[in-house]
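Subject: The two-chain model, handed over with notes

Dear colleague,

Here is the model that you asked to look through, and below it you will find what I noted while reading it. Please keep the structure open beside the text as you go.

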Amino acid sequence: MRIVIAEDLLLLRDGLVRMLTDTGHTVVAAVDNAPDLERAVLEHRPDLSIVDVRLPPGFRDEGLRAALSVREQDPKAPILILSQYVERTYATELLADGNGAIGYLLKDRVTALDEFLDALERVAAGGTAMDPEVIRQLFARNTRDQRITTLTAREREVLALVAQGLSNSAICAELVLAPPSVEKHISNILTKLDLPPADNTHRRVRAVLAYLNQ
Amino acid sequence: MFPRAARALAHLLAGLVTGPASFVWAVLTTLACGLLSFTYLGPPVFLAVTWVSRWIARLERWRAGWVLRRVIADPYGPVTGTNLWARGRSVIREPGTWRDLAWLLAGFPVGLVTGVVGVVAGVVELGVLLAPAWLWAVPNPRLYPVADWLFNTVGGRFTMSLAGLVALWPVLWLVAAVARVQASIAARLLDAGPRARLRQQVSALRETRLRVVDAQAAELQRIERDLHDGAQARIVAAGMTLALADRKLRAAGLAEDPARADVMSARRQLDDALAELRRLVRGIYPPILTDRGLVAALTALAGDAPLTVVVEASDLGELPAAVESAAYFVVAEALANTVKHAAADECVVTVRRSGDVLALAVRDDGRGGADPSGSGLDGLRRRVEALDGTMEVTSPPGGPTTVRAEFPCAS
């Protein structure tokens with residue numbers, strides 16, 4: 001994959017570049033501020049942009065704003081936001097355009113290399129990668145939801161993974177379940193939440209996130 | 001002794017001039033202000049008169065301070081108000097105005113008595129001391145025998161001079177003492193009274209406390225940033241290195257090697273450290289507050305709660321960081337309590353700023369009966385009070401529960 005990185009801390013930028021290069025990707029540009037990011041993305045049209053939320057000059061949420069601005073100009077540009085902390089609000093803003101190809105992960109996740117690389121692939125392919133912490137926050141605001149309280153513990157586990165953007169096979173691997181039982185769980189969940197059955201993973205993720213975020 | 005006595009004498013002589021002048025000024029202007037007080041000329045004339053009176057008082061303060069060897073500071077508080085009537089009222093309420101007037105009036109009799117005593121004592125002493133030099137020129141017939149000998153013989157005049165020399169120190173001391181009496185009375189009236197002194201202390205304390213609180217908030221933000229750029233980034237970088245090491249171990253066919261288990265466990269420990277740091281940072285200074293400001297942070301809080309939370313906020317403008325974070329934590333704690341105890345369906349958070357006051361209220365439709373001295377709320381109250389704010393919790397049985405907080409936020 002051709003990747004653009006925007007990260008202001010040299011230590012992390014170099015670490016990311018090394019890690020991605022070692023795993024067979026090409027980093028076409030590694031920048032350290034938001035305006036450069038926008039320029040680099042529009043110039044290189046990468047398969048994926050990895051963006052830190054906090055970037056110079058303001059060290060607030062410039063990375064996020066730059067990402068949203070890039071998406072306005074190129075609605076399909078796959079972007080993965082990395083942050084030291086996650087806010088449900090930011091996830092909502094990122095998901096708002098409904099185009100997919102969005103990821104929002106804690107920086108910690110880069111240390112779980114296989115899962116991280118999997119998330120990169122998902123986002124580049126137009127899917128979604130939401131941090132488990134975001135999903136936890138989404139669940140927290142829905143603790144009184146009648147429909148969600150009817151889910152079994154296992155179904156809730158599966159729902160969390162679906163919301164993170166995982167495919168069926170990834171969920172099977174994660175929970176060590178056979179594909180038919182995962183499919184069964186998912187169809188139960190969709191029925192209980194009154195969501196339309198969807199064979200397309202991306203659409204299913206979006207429906208689930210929209211439900212949790214409503 | 002001599003310079004001090006000279007100063008004292010100069011002070012007393014000046015007092016003999018300023019005393020009557022101030023007295024006349026004070027009497028005339030008080031009469032004039034009294035007569036004009038019910039007309040539109042009242043406020044401007046009063047303000048102008050007070051302005052002049054304050055300069056006279058300043059002069060008197062300097063004169064008294066010159067003898068007492070200390071600086072006597074102005075006691076006046078700020079004159080507030082936008083129109084003349086309001087400014088006039090503010091000057092009338094100022095105790096310093098009346099203490100000034102008291103001295104302008106009292107300065108005359110006090111100055112007269114002390115001035116006469118001091119000057120007479122000084123002149124008599126000088127006369128006696130220099131008796132041989134001038135008494136011969138003044139005929140003094142028909143005196144008592146002793147006085148006759150003293151005044152009219154050379155030996156007697158030199159004896160007087162000797163007596164003058166003996167009395168010199170006590171007389172100089174006396175002159176200085178009366179001058180000090182006059183200056184002390186002046187200082188008593190013109191110096192800041194107990195009320196003004198308290199007011200000055202309070203405003204000084206308030207200012208220093210505000211500085212401490214501001215510095216503390218800035219420090220917390222700095223710590224948050226340092227953790228973000230320093231410790232957190234380093235731990236993530238270490239985690240990346242471990243992840244690559246793990247990958248290499250696998251690539252070298254050592255997937256089952258016990259070393260790999262250690263690498264994995266080290267990585268998990270780093271993840272725990274990061275989670276711990278994140279919790280810490282959130283408690284210190286919520287990052288979203290830095291990123292987006294108070295209203296957005298509160299809206300995010302509202303969105304994360306498992307009940308309907310409506311945030312009503314107007315434009316708050318620039319707020320001190322300490323106020324922002326305290327307001328955030330008050331709302332966070334109130335919402336958490338609502339979720340835990342109130343069995344509420346809806347909660348309304350209002351944040352308003354009127355002038356230099358930020359007022360916020362969190363009101364739910366739950367069952368009430370909250371303990372206002374609960375440990376979480378109590379800690380918050382202390383935090384709010386450190387900013388000179390107030391916080392109150394009303395929670396009658398049956399509800400609703402309302403938490404109100406107000407912060408002064410002059411920026």
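Before the first number, a definition is needed: a residue is called buried if 20 or more other C-beta atoms lie within 10 Å of its own, exposed if there are 12 or fewer, and partly exposed in between. Please also bear in mind throughout that this is a predicted model.

Chain A

With that definition in hand, 48% of the 214 residues of chain A count as buried. The chain is built from 11 helices and six strands, and its radius of gyration is 17 Å, close to the 17 Å that the globule rule gives for 214 residues, so chain A is as compact as a globular protein of that length. Taken along the principal axes, its C-alpha atoms fill a box of roughly 50 × 30 × 25 Å. If you look at the contacts in chain A between residues at least 6 apart in sequence, you will find that 62% of them join residues at least 24 apart.

The domain assignment divides chain A into domain 1 (2-131) and domain 2 (142-213), and the centres of these two domains, taken over C-alpha atoms, are separated by 26 Å. Where they meet, 11 residues of domain 1 of chain A are in contact with 10 residues of domain 2 of chain A. On the domain 1 side, α4 (88-95), α5 (113-124) and β6 (128-130) of chain A each supply at least two residues, and β6(A) gives the most, with three residues. Sorted by class, that side of domain 1 has three nonpolar, six polar and two charged residues.

For "domain: HTH luxR-type", the unreviewed entry in UniProt lists residues 144-214 of chain A, and here the span is 72% helix and 0% strand, with end C-alpha atoms that lie 13 Å apart.

Chain B

Chain B is divided into domain 1 (2-190), domain 2 (196-284) and domain 3 (287-408). In the model, residues 103-136 of chain B are 91% helix and 0% strand, and their end C-alpha atoms are 45 Å apart, while residues 156-179 of chain B are 100% helix and 0% strand, with the end C-alpha atoms 32 Å apart.

The centres of domain 2 and domain 3 of chain B, taken over C-alpha atoms, lie 27 Å apart, and nine residues of domain 2 of chain B are in contact with nine residues of domain 3 of chain B. The most on the domain 2 side comes from α8(B), with eight residues, and by class that side has four nonpolar, two polar and three charged residues.

L28(B) is found in helix α1 (residues 2-36) of chain B, and L28(B) is exposed because it has 11 other C-beta atoms within 10 Å. β4(B) pairs with strand β5 (residues 402-408) of chain B in the antiparallel sense over five bridges, and within β5(B) the bridge partner of E392(B) is R404(B).

Where the chains meet

Which helix of chain B supplies the largest share of the side that touches chain A? The contact takes 31 residues from chain B and 25 residues from chain A. On the side of chain B, α8 (194-251), α9 (258-284), α10 (287-292) and α11 (294-304) each supply at least two residues, and the largest share, 14 residues, comes from α8(B). By class, this side of chain B has 16 nonpolar, five polar and 10 charged residues.

With best wishes

Methods:
Residues numbered from 1 in each chain as written. Chains lettered and ligands numbered in written order. Predicted model: local features only at pLDDT ≥ 70, side-chain atom pairs only at ≥ 80, totals over all residues. Helix = DSSP H or I, 4+ residues; strand = E, 2+ residues; numbered from the N terminus. Contact = placed C-beta atoms within 7 Å. Nonpolar A, V, L, I, M, F, W, Y, C, P; charged D, E, K, R; others polar. Domains from an automatic or database assignment. Rg over C-alpha atoms; globule rule 2.2 N^0.38 Å. Pairing = 2+ DSSP bridges. UniProt positions renumbered as here; feature names shortened; annotations may be inferred.
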